[in-house]
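Subject: The structure, and what I found in it

Hi there,

Here is the structure I promised to pass on. Could you open it beside this email and follow along as you read?

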Amino acid sequence: MPSRLVTRHVYAIKHCCLAKPLVRESSSHVSTEGGRLSILGATGPSGLELIQEALLQGYVVQALARSPDKIALANDKLTVERVNIFKPDDLAKRLRGSSAVLSCLGARASLFSHQPCTLYSHSMKTVAAAMTAAGVHRFVCVDSWCTKYTPGSPKVIEWFSRPLFLGNVLSDMAAMEDYARHHCSNINYTFVRAPGLSTGPSTGKRVKATKGQYIKGVALSMPRRDVVKFMLSTLETQEWDRKCVAIGI
C-alpha cells in the first residue's frame, strides 16, 4: 500500500475483524557500478526508505520531489531536485542519464471514496512521456494488493478497505497498470503489489513473490524496508520485467 495509505490501512487491519507485450531487447539489469536511480515520491515514508536502502546498496540516487526540503538525508551519492511530475518536459530533464526510475508515489484515501483519485493514472502518463524523452526505459513502482477484484481476495480488503476508503485508489492503480500494459511498449515496468505497510526494520526474511493480485498464507502487512529491498532486487533480474508482482512475508 502506498505510504500515505499505510496508517489507515494497517490500523483497519489491526482494529477491525480484520500476451507478453513488446519488450526492448536490451538487458534490464541495473548495476550499482555507475547505476543512477531517480526516485519519485521520495519524501514519503516508503520513498525515504528506498533512498536509504539504495544508497546502502551502492547506487547513485537522485531524489525528485515537489518539496525537496523535506529530505534531510545527506550523502555524497545523493542529489535532491525539485520537480513537478505532471510537467513531462521538466521531468525529462531530470531523468536524463538515469538507469531506472522507481516510484513510491502515494495518494490519500477518503471515506467511502468520496474524493476522486487520479494520481496514479495521470502520473503514469506523464512519467512515461518523460522517460521516453529522456531515453530511460526501466520503471519500478510500488502499488497495492488487489488493484482489481479476484475471487478469494482477502476479506478485509474486499469487505472493509475497498468499500470504505480504498475503492477509488485501487481503481486508479489498476488504471495505471493498464495504461503501462497497453500504451507503454517502450517502458520495461514492474509493479510491486504490496500489502499494508508497517514501520520498523527489515524482517530479514525472504520476500515471497508471485504474478497476481495477492498472496495467500502471508501477513497482511510488511515493513517498508522489505518492500523497497524487493523493488531494488527487480533491477537485477529479468524475472519480473513487464509484470505486476504481488509480494508478502
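Thr-126 lies in helix H4; helices here are DSSP runs of H or I with at least four residues, strands are runs of E with at least two, and both are numbered from the N terminus. Thr-126 has a relative accessibility of 13%, so it counts as buried (buried means under 20% relative accessible area, exposed over 50%, partly exposed in between, with a 1.4 Å probe and protein chains only). Leaving aside residues up to four places away in sequence, Thr-126 touches Ile-85, Phe-86, Pro-88 and Leu-91, where contact means heavy atoms within 4.5 Å.

Before you go further, please keep in mind that this is a predicted model: local features need pLDDT of at least 70, side-chain atom pairs count only at pLDDT 80 or more, and totals for chains, interfaces and linings use all residues. Residues are numbered from 1 along each chain as its sequence is written, and side-chain values use heavy atoms, with hydrogens and water left out.

Now to the surroundings of H4. Helix H4 covers residues 119-134 and lies across S1, S4, strand S5 (138-144) and strand S6 (188-194), running at about 165° to S5. Axes are lines fitted to C-alpha atoms, for helices over the stretch in contact, and angles run from 0 to 180 degrees between N-to-C directions.

H4 also has a helix partner. Its axis and that of helix H5 (residues 155-183) come within 7 Å and cross at roughly 25°. The two helices are therefore roughly parallel to each other (angles under 35 degrees count as roughly parallel, over 145 as roughly antiparallel, 65 to 115 as roughly perpendicular and the rest as oblique). On the H4 side, Leu-119, Tyr-120, Ser-121, Met-124 and Lys-125 take part, and they meet Val-169, Asp-172, Met-173, Ala-175, Met-176, Tyr-179 and Ala-180 in H5. Sorted by class, this contact of H4 with H5 has 9 nonpolar, 1 polar and 2 charged residues. For the classes, Ala, Val, Leu, Ile, Met, Phe, Trp, Tyr, Cys and Pro count as nonpolar, Asp, Glu, Lys and Arg as charged, and the others, Gly among them, as polar.

Next, the sheet. An open sheet is formed by 8 strands in the order S3-S2-S1-S4-S5-S6-S10-S8, with mixed pairing; two strands pair if DSSP finds at least two bridges between them. Strand S3 (78-82) and strand S8 (208-211) stand at the edges with a single partner strand each, so one side of each has no neighbour in the sheet. On average, neighbouring strands are turned by 25° against each other, direction ignored. Lys-208 stands opposite Gly-248 in S10.

Strand S4 is worth a look of its own. S1 and S4 run parallel and are joined by 4 bridges, with Ile-39 opposite Leu-102 in S4. S4 and S5 also run parallel, joined by 3 bridges, and here Val-101 stands opposite Phe-139 in S5. Both faces of S4 are covered: Ala-100 and Leu-102 on one side, and Val-101 and Ser-103 on the other, are all buried. Val-101 has a relative accessible area of 0%. Among the residues that Val-101 touches are Ser-38, Leu-40, Leu-95 and Met-131.

Helix H2 (residues 45-56) and helix H6 (residues 224-233) pack at about 55°, with their axes 9 Å apart. That makes H2 oblique to H6. By class, the contact of H2 with H6 has 7 nonpolar, 2 polar and 5 charged residues. H2 also lies across strand S1 (36-40), strand S2 (60-65), S3 and strand S4 (100-103), at about 165° to S2.

Finally, two backbone details. Cys-146, in the loop between S5 and H5, has a phi near 60°, a positive value in a residue other than glycine. Its relative accessibility is 0%, so Cys-146 counts as buried. Arg-242, in the loop between H6 and S10, has a positive phi of about 50° although it is not a glycine. At 8% relative accessibility, Arg-242 counts as buried too.

Best wishes
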